[in-house]
Amino acid sequence: MLELLVRGGTLVTPAGERRADLGITGGQLVEVGEELTGAATRTLDAAGLHVFPGGLDVHVHLNEPGRTHWEGFETGTRALAAGGATSFFDMPLNSSPPVLDAATFQEKRALGEAKSLLDFGLWGGLTPLNLDKLDELAGAGVIGFKAFMSNSGLDEFPAADDATLYEGLRAAKRLGLPVAVHAESEPLTRHFSELARARGAHTAREYLETRPVLAELEAVQRALLYAGELGAKLHLVHLSSGAAVALALEARARGVDVSTETCPHYLHFTEADLERVGAALKCAPPLRPQAVQDDLWAALLRGEIDMVGSDHSPAPPDRKTSENFFALWGGVSGAQSTLSVLLTDGHARRGLPLAALAALSALNPARRFGLPQKGALEVGRDADFALVELGREWTLTREDLQDRWKQNPYVGSTFSGQVRATYLRGQPIFQGDQFDGAGRGRLLTPRRSAGAV
Ligand code: ZN
């Protein structure tokens, strides 16, 4: 007897789209096939809908504990569920204290298990303060280690200098885990920022000039060199330029074990939007000119980018309000809109195949980060999926938003394709405008030494 039978939908699989039913028992997919006939306790009619594998967002900042008033598990995971995600990885900052040892890992884990709608993994930090804690973080179950190559904006999470990055990569290699880097050059961004401050710069345009693509490329190249030398596994978060993706591809061709991530805001917005919208679009690396975005899209459409993570990172309104653009907190609220951007800007406008879209949002992250139970609608995997009404045009309103502060640059965007329901391990976590299952989310720990994408 099946617990749940999902009938009549169009499955989005790595091989393409196919009409098939899903048979679910014990939270897992036990049958996938046309016209399944077994008896089921519940049946879900998915006729007319596409069934996507639940999204795995590898880059989220929920800020709990310590900055829960910025964003927390409760509101943040609602936003993710409404956007079709079923799993996510939380960054070691901006929670306070940041996750730099096993005790802070366990504190965040307990909060996630009490409140999260989604299954979740936790990144540990790699900073000059905690090189001696990487083993205990690995033992606790981190997905990998996150380092900043430039100032993180928080004193409690200092940037990894070259020696820290080198030693962190060496330890991560030994532990069979990846190191994720925010790749922007600290010397260059600091230099340009000091010049800007000295001349009284305060506008969005002047902020853009302090973080050029060059700063990203220099740091990417350095991280690739270290990872290659050490044979360590490197993940490049939030790449903003096609040129950075090209550096990663060249390195991969020489045998460097690297994966690449970009974010929906780099794909949906440009510098011109930053000057129009302001604080809600401040981030680092910053938004880019149209030509750079065109290169990024071209790389994505060629299959050269491995995954798209939201880098959802909200802050309260008082941190997002200032006459001085440099004083604003950097971070974009986008957890709810990743799939919408890929469906609209990718599939509808640029012909991104749905199978490629599902690889970017689910399969590649699951493979790269050692979670074989996630990422695809296949027998033996968790029954994590989103029901999507493909092609439906709709406009995102503030009332649709589930994140804490709703200072969200996507409000007013018209999207093609809408998430109708999201299921985690066979149970609905989002349906219509209802959410269910807070605290059902479980900690995800990686199979170490997971493979390339
Ligand atoms: Zn981030």
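A search of the whole structure finds zero disulfides. A disulfide here is a pair of cysteine sulfur atoms within 2.5 Å. The structure is a predicted model: local features need pLDDT of at least 70, side-chain atom pairs count only at pLDDT 80 or more, and totals for chains, interfaces and linings use all residues. Residues are numbered from 1 along each chain as its sequence is written, and side-chain values use heavy atoms, with hydrogens and water left out.

The cysteine sulfur closest to that of Cys263 belongs to Cys283. The two sulfurs are 7.8 Å apart, too far for a bond. Cys283 is accordingly in no disulfide. Cys263 is buried, at 0% relative accessible area. Buried means under 20% relative accessible area, exposed means over 50%, and partly exposed lies in between (1.4 Å probe, protein chains only). Cys283 also counts as buried, with 5% relative accessibility.

The zinc ion has protein donors in His59 (NE2), His61 (NE2) and Asp311 (OD). These lie 2.1 to 2.2 Å from the ion. Donors are N, O and S atoms within 2.8 Å of the metal (3.2 Å for Na, K and Ca); water is not among the atoms, so sites may look incomplete. The donor residues follow the spacing H-x1-H-x249-D in sequence. His61 and Asp311 link distant parts of the chain, 250 residues apart. His61 sits in the loop between β8 (55-60) and α1 (73-82). Asp311 sits in the loop between β16 (307-308) and α12 (338-350). Helices (H or I, at least four residues) and strands (E, at least two) are DSSP runs, numbered from the N terminus. His61 is buried, at 5% relative accessible area. Asp311 is buried, at 11%.
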